[in-house]
Each structure stands twice: as C-alpha cells, then as structure tokens.
Amino acid sequence: AKIGDLQVNTLQLAGNAVTIPEVVSIGNFGSGVGISYDIPSTVAARSIYMSDGGKVFASCTVSLGWPNGAASGSNWKLKMIINNVVVQEVGGNAITDTVCISGSLEIGFPGSMDVSIAAYTKTNVVYLNGGNLFLIGVKR
C-alpha cells in the first residue's frame with residue numbers, strides 16, 4: 001500500500017509506547033571506590049523494562065579525583081555494562097576528571113535491560129564526586 005500526502009493533526013501515543021526514559025543520580029561515594037582492577041564497585045545501576053524488542057542507550061557522566069592528588073602509578077577505570085555485556089570502558093590517571101561514557105545494546109524480545117557502571121582503581125583513595133546515569137529504551 002502506498003500513502004501519498006498524509007497529514008496528521010494530532011498523534012496520541014500511550015505512555016512509554018515508543019521510548020522509556022530513566023535517570024539515576026550518582027551521589028558522592030567518598031574514598032575507596034574500588035581496591036583493585038579485579039574488585040569493582042558498582043556506583044550506579046538501573047533497570048529498564050522493554051515490553052517489545054528494541055535498543056537501550058545509556059549515558060553516564062561522573063566527576064572523580066584523588067583527595068590529595070594522584071599518587072605515582074594511580075589510575076582509574078569505569079565500565080558500562082548492559083545485560084552483563086561491557087559496552088564501553090574508559091580510564092585515566094588525571095588528578096581530577098569529569099568523564100562521560102555512553103553505549104547501547106539491542107534486545108530482540110521483551111524483557112528487562114540492566115545497566116550498571118562499575119568503577120575500578122589501583123589505589124583505594126579515589127573519590128567520586130557525583131554524576132548521572134541516563135537511560136532510554138527505544139522500541140521497534
């Protein structure tokens with residue numbers, strides 16, 4: 001079927017029929033975000049339920065740093081994990097930094113999409129000074 005010129009005056013969609021937004025704030029976590037690269041700390045997590053298949057996009061911004069400057073060899077790493085899949089990983093060794101990471105994952109069936117941010121550090125003195133985790137599910 002072909003539709004030529006189509007004009008729609010008002011299109012009404014049920015709540016969350018096309019997109020599902022979720023936001024979580026990341027508070028101050030103080031020292032000891034993680035004690036090594038092998039022992040992560042989850043600093044933010046949120047689930048979003050998709051009633052149909054689609055894609056979840058997540059974006060996270062955090063401010064971090066060492067309270068008295070970085071010690072020699074200190075560095076940090078953040079991972080974004082969606083449904084147990086690492087979709088993005090960043091790291092650095094600046095004394096203070098603001099970091100934004102984003103990623104997405106497609107799901108072909110209805111279900112829950114679990115998004116988490118894991119923080120790792122070589123030392124136990126890194127501070128997270130807050131941030132946000134934003135998710136949006138987009139249905140097909």
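# Reading an all-strand predicted model

The chain has zero helices and eight strands.

User: What pattern does the chain follow when read along the sequence?

Analyst: The pattern is β-β-β-β-β-β-β-β.

User: How should confidence be read, and where in the chain is it lowest and highest?

Analyst: As a general rule, where pLDDT is low, the predicted coordinates should not be read in detail. In this case the chain averages a pLDDT of 79, and 76% of the residues score at least 70. Confidence is lowest in E1, with a mean of 68, and highest in E5, with a mean of 92.

User: What does strand E7 show at the level of one residue, for instance Ser116?

Analyst: Ser116 is found in strand E7, residues 111-121. With a relative accessibility of 17%, Ser116 counts as buried. Leaving out residues up to four places away in sequence, Ser116 touches Thr42, Ala44, Ala45, Lys79, Met80 and Ile81.

User: How many bridges pair E4 with E5?

Analyst: E4 and E5 pair in the antiparallel sense over seven bridges. One of the residue pairs is Ile82 with its bridge partner Val85 in E5. Between strand E4 (76-82) and strand E5 (85-92) lies a loop that holds Asn83, and Asn84 has its place in that loop too.

User: Which strands does E3 pair with, according to the bridges to E6 and to E8?

Analyst: Twelve bridges join E3 to E6, and the two strands run antiparallel. Within that pairing, the bridge partner of Thr61 is Cys100 in E6. E3 is also joined to E8, by eleven bridges and in the antiparallel sense; there Ser59 stands opposite Phe134.

User: How many residues does the largest nonpolar core have, and which have the most contacts inside it?

Analyst: In soluble globular proteins, nonpolar side chains tend to be buried together. The largest nonpolar core here has 27 residues, and those with the most contacts inside it are Cys60, Val62, Leu78, Met80, Val115, Ile117 and Leu133. At least two residues of this core come from each of strand E1 (19-30), E2, strand E3 (54-65), E4, strand E6 (96-107), E7 and strand E8 (127-139). E3 gives the largest share, five residues.

User: What is Val62 in contact with?

Analyst: Apart from its neighbours within four places in sequence, Val62 is in contact with Ile26, Leu78, Asp97, Thr98, Val99, Leu128, Gly130 and Gly131.

User: Is Val56 buried or exposed, and what does Val56 touch?

Analyst: Val56, found in strand E3, is buried, with a relative accessible area of 0%. Not counting residues up to four places away in sequence, Val56 touches Ile48, Met50, Ile82, Gly103, Ser104, Leu105, Met113, Val115, Ile136 and Gly137. Val56 and Glu106 are 50 residues apart in sequence, and their C-alpha atoms are 6.4 Å apart in space.

User: For the chain as a whole, what share of contacts joins residues at least 24 apart in sequence?

Analyst: Among contacts between residues at least 6 apart in sequence, that share is 79%. Of the 140 residues of the chain, 34% count as buried. The chain exposes about 8000 Å², of which carbon and sulfur atoms supply 49%.

Key. Residues numbered from 1 in each chain as written. Predicted model: local features only at pLDDT ≥ 70, side-chain atom pairs only at ≥ 80, totals over all residues. Heavy atoms only, no water. Helix = DSSP H or I, 4+ residues; strand = E, 2+ residues; numbered from the N terminus. Buried < 20%, exposed > 50% of the residue type's maximum accessible area, 1.4 Å probe, protein only. Contact = heavy atoms within 4.5 Å. Pairing = 2+ DSSP bridges. Core = buried A, V, L, I, M, F, W, Y, C linked by side-chain atoms within 4.5 Å. Areas by Shrake-Rupley, 256 points an atom, 1.4 Å probe, with all protein chains shown as cover. pLDDT = per-residue confidence, 0-100.
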